[in-house]
Amino acid sequence: MNRCASSHALLAACLLGCIGAAQALPWLVQVRGPDGAPLADAAVAVELRGQASRAPAGTRAEMAQRERQFQPFVLVVQTGTAVNFPNFDTVRHHVYSFSPVKTFDLKLYTGTPAEPVLFDKSGIAALGCNIHDKMGAHIVVVDTPVFAKTDAQGQVRLDLPPGEHWLRAWHPRQARPQLQSQRLSVPAGGAGGGSTTLTLE
Ligand SMILES: [Cu+2]
């Protein structure tokens, strides 16, 4: 906190940040599959009403290739994020997506392509490699800075401001390439926070 006091401007920013944090409530989101079992590694996003949906310019993320696999298997990014595709293998990869969210083609390469790929539309991009048919991964692009992936218990913990929000989730096991949505209402003055369960179809 010392650095907050180093100037009036920073102090003001810190106070605003602290007030915002005080208003946000801890919220547990539980994601379950159609059979009711908790789903690990599901993408979860909460669209906050009235907040900017696009990532600030220069926001970066990474989808690596290691031992002929993509890492991670599911990457969640905010709309407007530029994604690098570094290849840490000695073999060359040829990464592509035909998904309407982002169609691109990174021809045979090693190392990191000079230009990242900008994901400027929300939705889900399925990735593949022209050389290695078994390589596959997904990039989930969401219109919010509030996102996470579920842990082994199928849960994520988020701090949410009071209001009516959209809770969205997706898991690679789902057949459809769209996030499933439901309303999430955070009451004002609910000091203890709360929880929501989303059951994927
Ligand atoms: Cu490959």
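Me: Which residue stands opposite R168 in β16?

Reply: In strand β16, S181 stands opposite R168. Strands are DSSP runs of E, at least two residues long, numbered from the N terminus, and two of them pair if DSSP finds at least two bridges between them. This is a predicted model, where local features need pLDDT of at least 70 and side-chain atom pairs pLDDT 80 or more, while totals for chains, interfaces and linings use all residues. Residues are numbered from 1 along each chain as its sequence is written, and side-chain values use heavy atoms, without hydrogens and water.

Me: How many bridges join β15 to β16?

Reply: 7 bridges join β15 to β16 (residues 180-186), and the two strands run antiparallel. β15 (residues 163-170) also pairs with β2 (residues 43-47), again in the antiparallel sense, over 5 bridges. In that pairing, W166 of β15 has E47 opposite.

Me: What sits over the face of W166?

Reply: R183 does, at 4.4 Å from the ring centre. A charge sits over a ring if NZ of Lys or CZ of Arg is within 6 Å of the ring centre and within 35 degrees of the ring normal. R66 lies likewise over the face of F88, at 4.1 Å from the ring centre.

Me: Which residues coordinate the copper ion?

Reply: H93 (ND1), C129 (SG), H132 (ND1) and M135 (SD) coordinate the copper ion, at 2.0 to 2.8 Å. Donors are N, O and S atoms within 2.8 Å of the metal (3.2 Å for Na, K and Ca). Along the chain, the donors of the copper ion are spaced H-x35-C-x2-H-x2-M. H132 and M135 are both buried (under 20% relative accessible area, 1.4 Å probe, protein chains only).

Me: Why is the arrangement around the copper ion tetrahedral?

Reply: Four donors count as tetrahedral if all angles lie between 85 and 135 degrees. The arrangement is tetrahedral because the 4 donor atoms subtend angles of 89 to 134°.

Me: How many aromatic pairs are found in the whole structure?

Reply: The search finds 3 aromatic pairs. F85 and F104 form a tilted one, 5.3 Å centre to centre with 40° between the planes. Rings of Phe, Tyr and Trp (its six-membered ring) pair if their centres lie within 6.5 Å; planes under 30 degrees apart are stacked, over 60 edge-to-face, and the rest tilted. Both F85 and F104 are buried. Y96 and F98 also make a tilted pair, because their ring centres are 4.9 Å apart and their planes at 40°.

Me: Is F98 buried or exposed?

Reply: F98 is exposed, with a relative accessible area of 67%; the cut-off for exposed is over 50%.

Me: Which residues do ring pairs link into a cluster?

Reply: The cluster consists of F85, F104 and F119.

Terms used. Helices (H or I, at least four residues) and strands (E, at least two) are DSSP runs, numbered from the N terminus. Four donors count as tetrahedral if all angles lie between 85 and 135 degrees; four count as square planar and six as octahedral if opposite donors are over 155 degrees apart and all others between 65 and 115; anything else is irregular.
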